[in-house]
Amino acid sequence: MDEFTPTVGVSSTRPADMPEDHSALPVWNAENWFYEDWPVGQRIRSLRRTIGESDSHLFNTLVVDIHPYVQDQMFAEREGIFGRRLVAGAFVFSAGLGLVATNCVNAFSYGYDKLRFIKPVFIGDTIYTIRTNMEKTPRYKDLGLIRASYQVFKNEGELVLYCEHLQTVKYKNPADFAGKTEK
């Protein structure tokens, strides 16, 4: 082993199907936060991502979205109300949330509420996301529920998407929540 103390991935996976010295290494980009580690009110901002022609086209191809507003340049320019092609809202949602997604091995998506596509996003726009932890509720014997808002902005700060993400997250100390859970 090396002389460095790992700061991420400490209690993440330890696969039995790889060499032991590899399995013992901390996993990069695999957070191991617990319910207790997610402070209400915490806000984070992602890096920015410019959505290119190929990104949009590949997403549309994968999900078979052939709507003329996202796939037909001539229609979008001549008949569309925006005068150019849109990036599919489902892609803005996926990419926007992906920008602040974690690989937390203790968190599981429970669903999304209040998803709204507020303004159009076009090919060449640059997006970024702000996540805010809104509330925490003890829910199950081993898992609490966290609600976070996601605001996706384009270019210099124009809000284009809003939603709330619900996640169940393992407790570090389940005994601390005995008798406080809903289920």
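**Buried residues and ring pairs**

Tutor: In this predicted model, Ser56 is buried, with a relative accessible area of 2%.

Student: In which helix is the place of Ser56, and with which residues is Ser56 in contact, leaving aside its neighbours within four places in sequence?

Tutor: Ser56 has its place in helix H2, which covers residues 53-63. Once the neighbours within four places in sequence are left aside, the residues in contact with Ser56 are Leu86, Val87, Phe91 and Ile123.

Student: How many aromatic pairs does the structure hold, and are the planes of Phe82 and Phe122 stacked or edge-to-face?

Tutor: The structure holds 10 aromatic pairs. In the pair of Phe82 and Phe122 the ring centres are 5.9 Å apart and the planes stand at 65 degrees. Since planes over 60 degrees apart count in that class, the pair is edge-to-face.

Student: Which parts does this pair tie together, and how many residues apart in sequence are they?

Tutor: Phe82 lies in the loop between helix H4 (73-78) and helix H5 (89-98), whereas Phe122 lies in the loop between strand E3 (107-117) and strand E4 (126-138). The pair therefore ties together parts whose separation in sequence is 40 residues.

Student: Is Phe122 buried or exposed, and which residue lies over its face?

Tutor: The relative accessibility of Phe122 is 6%, and under 20% counts as buried, so Phe122 is buried. Over the face of Phe122, at 3.7 Å from the ring centre, lies Arg84.

Technical notes:
Residues are numbered from 1 along each chain as its sequence is written. This is a predicted model: local features need pLDDT of at least 70, side-chain atom pairs count only at pLDDT 80 or more; totals for chains, interfaces and linings use all residues. Side-chain values use heavy atoms; hydrogens and water are left out. Rings of Phe, Tyr and Trp (its six-membered ring) pair if their centres lie within 6.5 Å; planes under 30 degrees apart count as stacked, over 60 as edge-to-face and the rest as tilted. Helices (H or I, at least four residues) and strands (E, at least two) are DSSP runs, numbered from the N terminus. Buried means under 20% relative accessible area, exposed over 50%, partly exposed in between (1.4 Å probe, protein chains only). A charge sits over a ring if NZ of Lys or CZ of Arg is within 6 Å of the ring centre and within 35 degrees of the ring normal. Contact means heavy atoms within 4.5 Å.
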